[in-house]
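Reader: I am new to this structure and would like to learn how to read it feature by feature. Could you give me the general idea each time, and then the case at hand?

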Amino acid sequence: MPGFEVFGAQERAQVNEVLETGVLMRYGFDGMRQGHYKALEFEQAFAKRMGVNHCQLVSSGTAALSVALASAGIGAGDEVIMPTFTFVASFESIMMLGAIPILVDIDDTLTLDPKAVAAAITEKTKAVMPVHMCGSMADLGALKALCQEHDLILLEDACQAIGGTYNGVALGAYGDLGCFSFDFVKTITCGEGGAVITNNSKYKVNADQYQDHGHDHVGSDRGAETHPTLGYNFRISELHAAVGLGQLARFDEILERQKAHYDILAAALADLPGVHFRRVPQGGVQNYSFVNIFLPTAEQAEQAQKALSAAGIDACFYWFKNNWHYINGWEHLTQAKSVAPLTPELKDTLLGLKSKDFRQSDHFMGRTLSFLVKLGWDEATLDHRAQIMRDTLKNI
Ligand SMILES: *Cc1c(COP(=O)(O)O)cnc(C)c1O
């Protein structure tokens, strides 16, 4: 997955253009910036690459999720359905707005189970947030049908699957809104950064204003701009956007290499008895950032991860016992530990998580192993890894 592996001359050249002008901010200072609008340039190029009308860059993927929800009118007391397997950013971005995260089960796609989503819809539900974990997507067709039936927003968190597609549409572009992270471990990076994409021009205007104190961005005198709405500051800096432009130029090359490496590792495991790959919904193409497999039992999966680690296979994740990606590790969430007060309804919902039945999620997560696909491996390293993975799993 990591874009950090390929930081180089193109990124440096982009950043240097910004450093030479000294205009580190994306707005204003038109006279000094010598024509450099890195954030704007990234937004235009990225929207084009994703096949959508609009892109809004922001300071992180988490900010992108909050900004996307807010831009679609989701806020205090509204319920947003999200999966038990994701990154903590999912519930953080919802709670930031005073909205209520409703956690539901995943299935063998390792993403939202449409049946669990359908069962969780109430009159307070405003959005469904599938998270395309570890390179592959949720069953977007089923989720879109549910959202249409119940008049809900479909917001795709495509942070871990950028470059993947569903029915030929870029992940993130299929729902009403899509979000990406460009943090330091994502497929392409800005150092820190995120993006919202949409075809809805109203959401774009809202996102643009919301992420910059409500500025309308009309005219050329920033101080004289009006504020049609309340906003906050989730702006990206020109320096970060410049890094992203350097990475974006190599995006397809990165994806190609990622797939080539994935194919070698996946082929080594394909015919092993007891090893099954995670399901990719029909019509979906992964971005190949992880090889994800199920073993027959949770005990075998945990044992395999330990054996693989002992055999020198790093970046093999057993999410079931991970602090950041599965509900088992989120006692700060389930105990509502917050430095500042939470609204009573949010607190009640969080404390209620303990008595919820997530056995279906446990059934899949307990047996899942994910292998990060790195770009820097040469052929010999890849073959060696593939062999060790195969031999170790065979013994288990
Ligand atoms: C990385 C990530 C985010 C958050 O991105 P940041 O830029 O680190 O805030 C959100 N969702 C998922 C699935 C992620 O992997």
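Author: Let us start with burial: a residue is called buried when its relative accessible area is under 20%. The model shown here is a predicted one, and in it C316, with a relative accessible area of 7%, is therefore buried. C159 falls in the buried class as well, at 9% relative accessibility.

Reader: Both of those are cysteines; how many disulfides does the structure hold?

Author: In general, a disulfide is a covalent bond between the sulfur atoms of two cysteines. Here the structure holds zero disulfides. For C159, the nearest cysteine sulfur belongs to C179 and is 6.7 Å away, while for C316 the nearest one, that of C134, is 11 Å away. A disulfide needs the two sulfur atoms within 2.5 Å.

Reader: How should I read a pair of aromatic rings, and how many aromatic pairs are there?

Author: A pair of aromatic rings is described by the distance of the centres and the angle of the planes. The count in this model comes to 17 aromatic pairs. Take F46 and F180, whose ring centres are 5.1 Å apart and whose planes stand at 90°, so that the pair is edge-to-face; planes over 60 degrees apart are counted that way.

Reader: Where do F46 and F180 lie, and is F46 buried or exposed?

Author: F46 lies in helix α2 (residues 38-50) and F180 in strand β8 (residues 177-181), so the pair ties together parts that are 134 residues apart in sequence. F46 is buried, with a relative accessible area of 0%, and F180 is buried too, at 0% relative accessibility. These two residues also belong to one aromatic cluster, which is formed by F42, F46, F180 and F182.

Reader: Which charged ends sit over a ring, for instance over that of Y174?

Author: The charged end of K144 sits over the ring of Y174, at 4.0 Å from the ring centre. Another case is K186, whose charged end sits over the ring of F87, 6.0 Å from its centre.

Reader: What should I look for in a nonpolar core, and which residues touch the most other members of the largest one?

Author: In soluble globular proteins, nonpolar side chains tend to be buried together. The largest nonpolar core in this model has 128 residues, and F46, F182, L369 and F371 touch the most other members. Helix α9 (residues 251-269) gives the largest share of this core, eight residues. Since domain 1 (3-250) and domain 2 (252-395) both give residues to the core, it lies between them.

Reader: How many residues of domain 1 and domain 2 are in contact, and what separates the centres of the two domains?

Author: There are 45 residues of domain 1 in contact with 46 residues of domain 2. The centres of the two domains, taken over C-alpha atoms, are separated by 24 Å.

Reader: What does L369 touch?

Author: Setting aside residues up to four places away in sequence, L369 touches a list of residues that includes V291, I293, L295, Q305, C316 and F317. From the side of Q305, the contacts beyond four places in sequence are C316, Y318 and L369. Q305 itself is found in helix α10 (residues 298-310) and is partly exposed, with a relative accessible area of 22%.

Reader: Where do I find a positive phi in a residue other than glycine?

Author: H217 has a phi near 55° and is found in the loop between α7 (201-210) and α8. The phi of A315 is also near 55°, and A315 lies in the loop between α10 and β13 (316-317). At 21% relative accessibility H217 counts as partly exposed, whereas A315, at 18%, counts as buried.

Conventions: Residues numbered from 1 in each chain as written. Predicted model: local features only at pLDDT ≥ 70, side-chain atom pairs only at ≥ 80, totals over all residues. Heavy atoms only, no water. Phe/Tyr/Trp six-rings, centres within 6.5 Å; stacked < 30°, edge-to-face > 60°. Helix = DSSP H or I, 4+ residues; strand = E, 2+ residues; numbered from the N terminus. Buried < 20%, exposed > 50% of the residue type's maximum accessible area, 1.4 Å probe, protein only. Lys NZ or Arg CZ within 6 Å of the ring centre and 35° of its normal. Core = buried A, V, L, I, M, F, W, Y, C linked by side-chain atoms within 4.5 Å. Domains from an automatic or database assignment. Contact = heavy atoms within 4.5 Å.
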